[in-house]
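Here's a fold worth a slow walk-through. Have a look at the model first, and then we'll take the pieces one by one.

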Amino acid sequence: MYRIGIDLGGTFIAAGLVNESLRILDKLSVPTSAPRSMAGIADDMAALTGKLLERSGLRREEISAVGVGVPGTANRENGHLEDANNLGFDDEPFVSVLEERLGLPVRFGNDANAAAWGEYQAGGGREDSFVMMTIGTGIGGGVILNGRLWDGINGAAAEFGHMTIRYDGVPCTCGRTGCFEAYASATALIRQARERMAADRDTLLWKLCGGEPDRVEARTVFEGAAAGDKACRALLDTYTTYLAEGTANIINLFQPAVLCVGGGVSRAGEALLAPLREKTARRIYSQNAKQNTQIILAQLDNDAGIIGAALLEP
Ligand SMILES: [Zn+2]
(Lines give C-alpha, C1' and ligand atoms only; values in the text may rest on other atoms or scores of the structure.)
Protein backbone atom coordinates (compact mmCIF):
# COMPACT_ATOMS: atom_id res chain seq x y z
CA MET A 1 0.00 0.00 0.00
CA TYR A 2 0.96 3.63 -0.48
CA ARG A 3 0.13 6.80 1.35
CA ILE A 4 -0.12 10.42 0.35
CA GLY A 5 1.32 13.13 2.57
CA ILE A 6 0.34 16.77 2.18
CA ASP A 7 2.18 19.66 3.75
CA LEU A 8 -0.14 22.68 3.91
CA GLY A 9 2.24 25.60 4.24
CA GLY A 10 1.69 29.34 4.26
CA THR A 11 3.31 29.60 0.79
CA PHE A 12 2.88 26.19 -0.88
CA ILE A 13 0.67 23.13 -0.67
CA ALA A 14 3.06 20.22 -1.31
CA ALA A 15 1.85 16.66 -1.80
CA GLY A 16 3.92 13.49 -2.08
CA LEU A 17 3.32 9.84 -2.80
CA VAL A 18 5.04 7.80 -0.07
CA ASN A 19 5.81 4.08 -0.18
CA GLU A 20 6.19 1.62 2.69
CA SER A 21 9.95 2.26 2.89
CA LEU A 22 9.11 5.90 3.71
CA ARG A 23 10.41 7.19 0.41
CA ILE A 24 8.74 9.96 -1.58
CA LEU A 25 8.18 8.53 -5.07
CA ASP A 26 6.67 11.66 -6.60
CA LYS A 27 6.01 15.17 -5.37
CA LEU A 28 3.90 18.10 -6.59
CA SER A 29 3.06 21.51 -5.25
CA VAL A 30 0.87 24.54 -5.91
CA PRO A 31 0.90 28.00 -4.31
CA THR A 32 -1.32 28.25 -1.22
CA SER A 33 -2.53 31.73 -2.24
CA ALA A 34 -3.75 32.45 1.30
CA PRO A 35 -6.02 33.86 2.56
CA ARG A 36 -8.51 31.68 0.72
CA SER A 37 -11.55 29.54 1.49
CA MET A 38 -11.20 26.06 2.94
CA ALA A 39 -13.15 24.76 -0.10
CA GLY A 40 -10.56 26.17 -2.50
CA ILE A 41 -7.70 24.58 -0.57
CA ALA A 42 -9.55 21.25 -0.46
CA ASP A 43 -10.07 21.42 -4.26
CA ASP A 44 -6.33 21.93 -4.74
CA MET A 45 -5.51 19.00 -2.46
CA ALA A 46 -7.94 16.80 -4.40
CA ALA A 47 -6.35 17.90 -7.70
CA LEU A 48 -2.83 17.17 -6.39
CA THR A 49 -3.94 13.74 -5.17
CA GLY A 50 -5.57 13.01 -8.53
CA LYS A 51 -2.40 14.00 -10.40
CA LEU A 52 -0.19 11.86 -8.15
CA LEU A 53 -2.45 8.86 -8.84
CA GLU A 54 -2.49 9.55 -12.56
CA ARG A 55 1.29 9.96 -12.85
CA SER A 56 2.01 6.83 -10.83
CA GLY A 57 -0.63 4.68 -12.49
CA LEU A 58 -1.90 3.64 -9.03
CA ARG A 59 -5.55 3.04 -8.28
CA ARG A 60 -7.29 4.90 -5.45
CA GLU A 61 -7.68 1.54 -3.59
CA GLU A 62 -3.90 1.27 -3.38
CA ILE A 63 -3.73 4.40 -1.21
CA SER A 64 -4.38 3.54 2.45
CA ALA A 65 -4.71 7.13 3.65
CA VAL A 66 -3.99 10.78 3.01
CA GLY A 67 -2.33 12.67 5.85
CA VAL A 68 -2.15 16.45 6.06
CA GLY A 69 0.18 18.56 8.19
CA VAL A 70 -1.41 21.94 8.92
CA PRO A 71 0.13 25.16 10.24
CA GLY A 72 -2.10 25.58 13.25
CA THR A 73 -4.35 23.96 15.77
CA ALA A 74 -5.51 20.55 14.56
CA ASN A 75 -8.22 19.04 16.74
CA ARG A 76 -7.72 15.37 15.99
CA GLU A 77 -10.75 14.39 18.09
CA ASN A 78 -13.34 16.10 15.87
CA GLY A 79 -11.24 16.68 12.74
CA HIS A 80 -11.61 20.47 12.88
CA LEU A 81 -8.85 22.85 11.92
CA GLU A 82 -9.53 25.27 14.73
CA ASP A 83 -7.00 27.95 14.05
CA ALA A 84 -4.49 28.51 11.28
CA ASN A 85 -3.28 32.05 11.71
CA ASN A 86 -1.51 32.36 8.34
CA LEU A 87 -4.43 30.99 6.33
CA GLY A 88 -7.34 32.88 7.83
CA PHE A 89 -9.21 29.67 8.79
CA ASP A 90 -11.38 29.49 11.84
CA ASP A 91 -12.81 26.17 13.08
CA GLU A 92 -13.16 24.44 9.70
CA PRO A 93 -14.40 20.82 9.53
CA PHE A 94 -11.20 19.98 7.70
CA VAL A 95 -11.16 16.18 7.78
CA SER A 96 -14.79 15.61 6.70
CA VAL A 97 -14.57 18.18 3.86
CA LEU A 98 -11.39 16.58 2.58
CA GLU A 99 -12.61 12.99 2.91
CA GLU A 100 -15.63 13.88 0.82
CA ARG A 101 -13.46 15.47 -1.90
CA LEU A 102 -10.83 12.70 -1.95
CA GLY A 103 -12.86 9.57 -1.33
CA LEU A 104 -10.02 8.39 0.92
CA PRO A 105 -9.45 8.26 4.68
CA VAL A 106 -7.87 11.53 5.85
CA ARG A 107 -5.71 12.09 8.94
CA PHE A 108 -4.28 15.42 9.96
CA GLY A 109 -2.09 17.03 12.55
CA ASN A 110 -0.06 20.10 13.36
CA ASP A 111 2.77 20.39 10.80
CA ALA A 112 5.63 20.52 13.30
CA ASN A 113 4.23 17.50 15.13
CA ALA A 114 3.83 15.65 11.82
CA ALA A 115 7.47 16.37 10.93
CA ALA A 116 8.54 15.00 14.33
CA TRP A 117 6.50 11.88 13.70
CA GLY A 118 8.20 11.46 10.31
CA GLU A 119 11.70 11.74 11.79
CA TYR A 120 10.77 9.31 14.56
CA GLN A 121 9.52 6.73 12.06
CA ALA A 122 12.49 7.30 9.74
CA GLY A 123 14.80 6.50 12.66
CA GLY A 124 13.01 3.18 13.15
CA GLY A 125 10.49 4.38 15.73
CA ARG A 126 11.97 2.18 18.44
CA GLU A 127 12.50 4.65 21.28
CA ASP A 128 9.83 5.18 23.91
CA SER A 129 10.56 8.89 23.96
CA PHE A 130 11.73 11.13 21.16
CA VAL A 131 11.76 14.89 20.85
CA MET A 132 12.21 16.86 17.65
CA MET A 133 13.39 20.47 17.70
CA THR A 134 13.10 22.33 14.39
CA ILE A 135 15.23 25.46 14.02
CA GLY A 136 14.05 27.63 11.16
CA THR A 137 12.26 30.96 10.93
CA GLY A 138 11.04 30.10 14.43
CA ILE A 139 11.67 27.10 16.66
CA GLY A 140 9.04 24.38 16.62
CA GLY A 141 8.98 20.80 17.62
CA GLY A 142 7.15 17.64 18.42
CA VAL A 143 7.13 15.15 21.25
CA ILE A 144 6.67 11.39 21.06
CA LEU A 145 5.97 9.74 24.41
CA ASN A 146 5.40 6.03 24.89
CA GLY A 147 5.64 5.67 21.12
CA ARG A 148 2.76 8.07 20.45
CA LEU A 149 2.68 11.64 19.23
CA TRP A 150 1.81 13.95 22.10
CA ASP A 151 -0.68 16.45 20.67
CA GLY A 152 -1.66 18.42 23.75
CA ILE A 153 -5.28 19.51 24.24
CA ASN A 154 -5.12 21.79 21.19
CA GLY A 155 -3.08 19.61 18.90
CA ALA A 156 -0.26 22.15 19.03
CA ALA A 157 1.96 20.87 21.83
CA ALA A 158 5.73 21.36 21.88
CA GLU A 159 5.90 25.05 20.97
CA PHE A 160 9.46 25.09 22.26
CA GLY A 161 10.17 28.41 20.57
CA HIS A 162 7.95 30.21 23.04
CA MET A 163 9.53 29.26 26.31
CA THR A 164 11.29 32.18 27.92
CA ILE A 165 15.04 31.99 28.30
CA ARG A 166 15.43 35.67 29.29
CA TYR A 167 12.48 37.22 31.09
CA ASP A 168 13.64 40.75 30.27
CA GLY A 169 14.71 39.84 26.75
CA VAL A 170 13.79 40.99 23.26
CA PRO A 171 10.12 41.02 22.17
CA CYS A 172 8.76 37.90 20.45
CA THR A 173 6.04 37.57 17.80
CA CYS A 174 3.87 35.79 20.41
CA GLY A 175 3.63 38.88 22.60
CA ARG A 176 6.03 37.78 25.33
CA THR A 177 9.64 38.79 25.69
CA GLY A 178 12.82 36.72 25.79
CA CYS A 179 11.43 33.64 24.03
CA PHE A 180 13.83 30.86 22.98
CA GLU A 181 13.17 31.52 19.28
CA ALA A 182 13.84 35.23 19.67
CA TYR A 183 17.45 34.18 20.46
CA ALA A 184 18.05 30.84 18.79
CA SER A 185 16.02 30.68 15.54
CA ALA A 186 17.54 31.34 12.12
CA THR A 187 15.78 34.71 12.22
CA ALA A 188 17.50 35.51 15.51
CA LEU A 189 20.94 34.50 14.23
CA ILE A 190 20.46 36.72 11.17
CA ARG A 191 19.47 39.63 13.42
CA GLN A 192 22.53 39.05 15.62
CA ALA A 193 24.75 38.94 12.53
CA ARG A 194 23.37 42.24 11.20
CA GLU A 195 23.85 43.91 14.57
CA ARG A 196 27.44 42.73 14.55
CA MET A 197 27.98 44.04 11.03
CA ALA A 198 26.69 47.46 12.02
CA ALA A 199 29.33 47.58 14.76
CA ASP A 200 32.17 45.89 12.89
CA ARG A 201 33.28 46.97 9.41
CA ASP A 202 36.04 44.32 9.39
CA THR A 203 34.00 41.14 9.71
CA LEU A 204 34.09 38.79 6.73
CA LEU A 205 30.26 38.90 6.79
CA TRP A 206 30.42 42.09 4.70
CA LYS A 207 32.29 40.30 1.94
CA LEU A 208 30.17 37.14 2.15
CA CYS A 209 26.94 39.07 1.65
CA GLY A 210 28.34 41.31 -1.08
CA GLY A 211 28.07 44.39 1.15
CA GLU A 212 24.30 43.93 1.58
CA PRO A 213 23.22 43.00 5.12
CA ASP A 214 19.79 42.02 3.72
CA ARG A 215 21.47 39.06 2.06
CA VAL A 216 22.86 37.58 5.27
CA GLU A 217 21.47 34.12 6.02
CA ALA A 218 22.09 31.79 8.95
CA ARG A 219 24.51 29.79 6.82
CA THR A 220 26.52 32.95 6.03
CA VAL A 221 27.61 33.04 9.67
CA PHE A 222 28.66 29.36 9.56
CA GLU A 223 30.56 30.07 6.34
CA GLY A 224 32.40 32.97 7.97
CA ALA A 225 33.26 30.90 11.04
CA ALA A 226 34.59 28.08 8.86
CA ALA A 227 36.82 30.62 7.09
CA GLY A 228 38.22 31.67 10.48
CA ASP A 229 36.43 35.01 10.89
CA LYS A 230 36.61 36.04 14.54
CA ALA A 231 33.29 37.89 14.55
CA CYS A 232 31.45 34.90 13.08
CA ARG A 233 33.05 32.56 15.60
CA ALA A 234 31.99 34.86 18.44
CA LEU A 235 28.46 35.08 17.00
CA LEU A 236 28.20 31.30 16.82
CA ASP A 237 29.59 30.90 20.32
CA THR A 238 26.83 33.14 21.69
CA TYR A 239 24.18 31.62 19.43
CA THR A 240 24.96 28.01 20.39
CA THR A 241 24.92 29.06 24.05
CA TYR A 242 21.37 30.38 23.65
CA LEU A 243 20.48 27.20 21.82
CA ALA A 244 21.96 25.03 24.57
CA GLU A 245 19.98 26.90 27.25
CA GLY A 246 16.71 26.00 25.54
CA THR A 247 17.83 22.50 24.61
CA ALA A 248 18.80 21.77 28.23
CA ASN A 249 15.33 22.96 29.33
CA ILE A 250 13.69 20.56 26.88
CA ILE A 251 15.88 17.65 28.01
CA ASN A 252 15.25 18.44 31.68
CA LEU A 253 11.49 18.33 31.02
CA PHE A 254 11.27 15.13 29.01
CA GLN A 255 14.54 13.25 29.37
CA PRO A 256 13.91 11.77 25.93
CA ALA A 257 16.03 8.91 24.61
CA VAL A 258 16.65 11.02 21.52
CA LEU A 259 16.52 14.72 20.76
CA CYS A 260 16.51 15.22 17.00
CA VAL A 261 17.56 18.59 15.58
CA GLY A 262 16.09 19.67 12.23
CA GLY A 263 15.16 22.78 10.26
CA GLY A 264 17.25 25.03 8.03
CA VAL A 265 19.93 25.81 10.63
CA SER A 266 20.56 22.08 11.20
CA ARG A 267 22.02 21.89 7.68
CA ALA A 268 25.19 23.29 9.27
CA GLY A 269 25.63 19.74 10.58
CA GLU A 270 28.42 19.11 13.09
CA ALA A 271 29.41 22.79 13.10
CA LEU A 272 26.14 23.25 14.97
CA LEU A 273 25.77 19.94 16.74
CA ALA A 274 29.24 19.61 18.25
CA PRO A 275 29.06 22.86 20.29
CA LEU A 276 25.37 22.22 21.03
CA ARG A 277 26.09 18.77 22.49
CA GLU A 278 29.02 20.02 24.52
CA LYS A 279 27.22 23.07 25.94
CA THR A 280 23.98 21.18 26.59
CA ALA A 281 25.82 18.40 28.44
CA ARG A 282 27.14 21.01 30.90
CA ARG A 283 23.64 22.38 31.54
CA ILE A 284 21.34 19.42 31.94
CA TYR A 285 20.23 18.40 35.40
CA SER A 286 21.23 14.74 35.12
CA GLN A 287 24.66 15.35 33.64
CA ASN A 288 26.30 12.73 35.84
CA ALA A 289 23.81 9.99 35.05
CA LYS A 290 25.03 6.84 33.29
CA GLN A 291 22.82 7.43 30.27
CA ASN A 292 21.72 10.67 28.74
CA THR A 293 19.73 11.99 25.81
CA GLN A 294 21.34 11.42 22.44
CA ILE A 295 21.32 14.59 20.33
CA ILE A 296 21.12 13.70 16.62
CA LEU A 297 20.62 15.43 13.27
CA ALA A 298 17.33 15.06 11.43
CA GLN A 299 17.58 12.91 8.30
CA LEU A 300 14.52 13.80 6.21
CA ASP A 301 15.28 17.51 5.75
CA ASN A 302 12.46 19.20 3.79
CA ASP A 303 10.67 15.90 3.24
CA ALA A 304 9.86 15.40 6.95
CA GLY A 305 6.59 17.34 6.61
CA ILE A 306 5.25 15.20 3.76
CA ILE A 307 6.50 11.85 5.08
CA GLY A 308 5.36 12.60 8.64
CA ALA A 309 1.92 13.72 7.41
CA ALA A 310 1.59 10.55 5.31
CA LEU A 311 2.33 8.43 8.38
CA LEU A 312 -0.09 10.18 10.74
CA GLU A 313 -2.44 7.83 12.57
CA PRO A 314 -6.14 8.48 13.15
ZN1 LIG B 1 7.31 33.80 21.85
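Predicted model: local features only at pLDDT ≥ 70, side-chain atom pairs only at ≥ 80, totals over all residues.

Helices (H or I, at least four residues) and strands (E, at least two) are DSSP runs, numbered from the N terminus.

Now for the sheet. Its five strands come in the order β3-β2-β1-β4-β8, forming an open sheet with mixed pairing; two strands pair if DSSP finds at least two bridges between them. The edges belong to β3 (24-31) and β8 (106-110), each with a single partner strand, so one side of each has no neighbour in the sheet. On average, neighbouring strands are turned by 15° against each other, direction ignored. Zoom in on β1 (residues 2-8) and β2 (residues 12-18): they run antiparallel and are joined by six bridges. In one of these strands, β2, you'll find alanine 15, the bridge partner of isoleucine 6.

Leaving aside neighbours within four places in sequence, threonine 49 is in contact (heavy atoms within 4.5 Å) with Ile4, Ile6, Leu102 and Leu104. Threonine 49 has a relative accessible area of 0% and therefore counts as buried; buried means under 20% relative accessible area, exposed over 50%, and partly exposed in between (1.4 Å probe, protein chains only).

Two further helices lie across β1, β4 and β8. Helix α2 (residues 94-102) runs at about 140° to β8, whereas helix α3 (residues 111-122) runs at about 105° to β8. Those angles run from 0 to 180 degrees between N-to-C directions, with axes being lines fitted to C-alpha atoms, for helices over the stretch in contact.

Stay with α3 for a moment. Asparagine 110 caps the N-terminal end of α3, with a side-chain oxygen 3.1 Å from the backbone nitrogen of alanine 112. The buried residues of α3 include Trp117, Glu119 and Tyr120. Just after α3, glycine 124 takes a positive phi of about 105°.

Step back and the protein splits into domain 1 (2-120 + 303-310) and domain 2 (125-298), with bounds that come from an automatic or database domain assignment. The C-alpha centres of these two domains lie 28 Å apart, and twelve residues of domain 1 are in contact with 19 residues of domain 2.

Over in helix α7 (residues 218-226), the buried residues include Val221 and Phe222. Among the elements covering the buried residues of α7 are α5 (186-199), α6 (205-208), α8 (230-254) and α9 (270-281). After α7 comes glycine 228, with a positive phi near 95°.

Positive phi isn't left to glycine here. Glutamine 255 has a phi near 45° and sits in the loop between α8 and β12 (258-262); its relative accessibility is 48%, so glutamine 255 counts as partly exposed. Aspartate 301 has a positive phi of about 50° in the loop between β13 (294-297) and α10 (304-310), and aspartate 301 also counts as partly exposed, at 44% relative accessibility.

Key
Residues numbered from 1 in each chain as written. Heavy atoms only, no water. Polar contact = N/O pair within 3.5 Å; in protein donor to acceptor, adjacent residues only side chain to side chain.
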